[in-house]
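Here is a set of questions and answers for a reader who wants to check a model against its atoms. Please keep the sequence and the coordinates open while reading.

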Amino acid sequence: MTIEKPKTPKDRIILALDVDDFDEAKKLVLELKDYVGFFKVGLQLYTSAGYDVVRMIHDEGAKVFFDGKFHDIPNTVARACANLVKRNISFFDVHIKGGSKMLSTTVKLANETAKKYEKEPPVILGVTLLSSFGQRTLTQELNVNMNIDEYVESLAKMAIDAGLSGVVASASEANVIRKECPEDFIIVCPAIRPTWSVVNDQVRVVTPTDAVLSGVDYMVIGRPVICAENKIEAIKLIIDEIEEAESLTIV
């Protein structure tokens with residue numbers, strides 16, 4: 001799967017299908033497939049609807065980002081990701097904290113599987129630090145004696161060295177990552193909250209404008225849209241904000 005840098009504001013949006021059942025997900029896909037670049041299928045939906053929901057999204061002509069955040073021993077993660085490739089899921093993520101061996105083993109087997117089944121190489125992202133984590137959690141609970149920027153930068157370097165296609169990281173760390181990564185390295189930003197929405201359980205949240213100006217390529221947006229009374233209008237407001245931010249980056 002070849003993922004290029006987004007060409008339009010719509011292309012930047014990964015809509016999180018964080019719902020509990022197939023029918024609810026399909027309703028969102030049918031309503032919003034013309035307004036977003038990708039649909040994110042995460043653990044909440046996948047443990048309810050399984051692969052059927054991925055097939056449905058593909059059948060509707062839309063694209064999938066599988067947010068499994070795998071973190072296990074190298075063999076287990078590599079084989080799980082190879083199974084995704086076999087089933088035409090070629091854009092997904094793993095936890096960088098699984099270590100360099102887990103990452104490199106996964107990249108190698110996923111690419112070998114794609115070649116064997118005559119598919120395009122998968123786009124594999126590395127999750128840096130969950131957006132629900134703040135400095136206190138990192139320092140006091142995980143006993144990591146680094147500030148968040150330093151810690152995320154070190155994880156991003158590990159992802160690059162292992163051959164990952166990009167990372168999932170907050171826009172607040174994107175500027176640091178951009179300085180260390182190749183030009184085609186992808187940064188996907190979670191926890192996007194437009195100024196008119198609520199934060200919920202996220203800690204390191206940013207607006208679409210923050211994301212664009214910091215060099216983020218794609219942004220994951222969920223509750224501000226799927227919980228909106230008028231979902232299309234909510235998406236349009238976000239697209240407008242992205243478009244305005246992009247105009248500020250043009251030299």
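This is a predicted model: local features need pLDDT of at least 70, side-chain atom pairs count only at pLDDT 80 or more; totals for chains, interfaces and linings use all residues.

Q: How many salt bridges does the structure hold?
A: Side chains of opposite charge can pair when their charged atoms come close. A pair counts here when a side-chain nitrogen of Lys or Arg is within 4 Å of a carboxyl oxygen of Asp or Glu. The number of salt bridges in the structure is 11.

Q: Which residue forms a salt bridge with Glu 60?
A: The closest N and O atoms of this pair are 2.9 Å apart. Glu 60 sits in the loop between α3 (51-59) and β3 (64-70) and its partner in the loop between α1 and β2 (38-42), so the pair ties together parts that are 27 residues apart in sequence. Glu 60 counts as partly exposed because its relative accessibility is 24%. The partner of Glu 60 is Lys 33.

Q: What is the relative accessible area of Lys 33?
A: Partly exposed is the class between buried, under 20%, and exposed, over 50%. Lys 33 falls in that class because its relative accessible area is 26%.

Q: What separates the closest N and O atoms in the salt bridge of Lys 40 with Asp 67?
A: Lys 40 belongs to strand β2 and Asp 67 to strand β3, and the pair links parts of the chain 27 residues apart. Both Lys 40 and Asp 67 are buried. The closest N and O atoms of Lys 40 and Asp 67 are apart by 3.2 Å.

Q: Which residues are linked with Lys 40 and Asp 67 in a network of salt bridges?
A: Lys 40 and Asp 67 form a salt bridge with each other. The network that holds Lys 40 and Asp 67 also takes in Asp 18 and Lys 69.

Q: With which residue does Arg 136 form a salt bridge?
A: Arg 136 counts as partly exposed because its relative accessibility is 47%. The closest N and O atoms of the pair are 3.1 Å apart, and the partner of Arg 136 is Glu 141.

Q: Is Ile 13 buried or exposed?
A: Ile 13 is part of strand β1 (residues 13-16). Setting aside residues up to four places away in sequence, Ile 13 touches a list of residues, among them Tyr 35, Phe 38, Met 219, Ile 221 and Ile 242. Its relative accessibility is 0%, so Ile 13 counts as buried.

Q: How far apart in space are the C-alpha atoms of Thr 128 and Val 168?
A: Thr 128 is in the loop between β5 (123-127) and α6 (135-141), and it counts as buried because its relative accessibility is 0%. Beyond neighbours within four places in sequence, its contacts include Ile 96, Leu 155 and Val 168. Thr 128 and Val 168 are 40 residues apart in sequence, and their C-alpha atoms are apart in space by 6.1 Å.

Q: Where is Thr 207 found?
A: Thr 207 counts as buried because its relative accessible area is 16%. Leaving aside neighbours within four places in sequence, Thr 207 is in contact with Ile 192, Arg 193, Thr 195 and Glu 241. Its place is the loop between β7 (186-189) and α9 (208-213).

Q: What is the phi of Lys 69?
A: Most residues other than glycine have a negative phi. Lys 69, in strand β3, is partly exposed because its relative accessible area is 29%. The phi of Lys 69 is positive, near 50 degrees.

Q: Where is Asn 143 found?
A: Asn 143 is not a glycine, yet its phi is positive, about 55 degrees. Its relative accessible area is 57%, so Asn 143 is exposed. Asn 143 is in the loop between α6 and α7 (148-162).

Q: What distance separates the C-alpha atoms of Cys 181 and Asp 11?
A: Cys 181 lies in the loop between α8 (171-180) and β7, and it is buried because its relative accessible area is 12%. Cys 181 and Asp 11 are 170 residues apart along the chain, and their C-alpha atoms are separated by 22 Å.

Q: Which residues gather with Asp 23 in a patch of negative charge on the surface?
A: Asp 23 has its place in helix α1 (residues 22-32). Asp 23 counts as exposed because its relative accessibility is 60%. The residues that gather with Asp 23 in the patch are Asp 20, Asp 21 and Glu 24.

Notes
Residues are numbered from 1 along each chain as its sequence is written. Side-chain values use heavy atoms; hydrogens and water are left out. Patches are made of residues with over 30% relative accessible area and no salt bridge: like charges are joined within 9 Å, nonpolar side chains (Val, Leu, Ile, Met, Phe, Trp, Tyr) within 5 Å. Accessible areas come from the Shrake-Rupley method with a 1.4 Å probe; for residues, only the protein chains shown count as cover. Lys and Arg count as positive and Asp and Glu as negative; His and the chain ends are not counted. The place of a charge is taken as NZ of Lys, CZ of Arg, CG of Asp or CD of Glu. Helices (H or I, at least four residues) and strands (E, at least two) are DSSP runs, numbered from the N terminus. Buried means under 20% relative accessible area, exposed over 50%, partly exposed in between (1.4 Å probe, protein chains only). Contact means heavy atoms within 4.5 Å.
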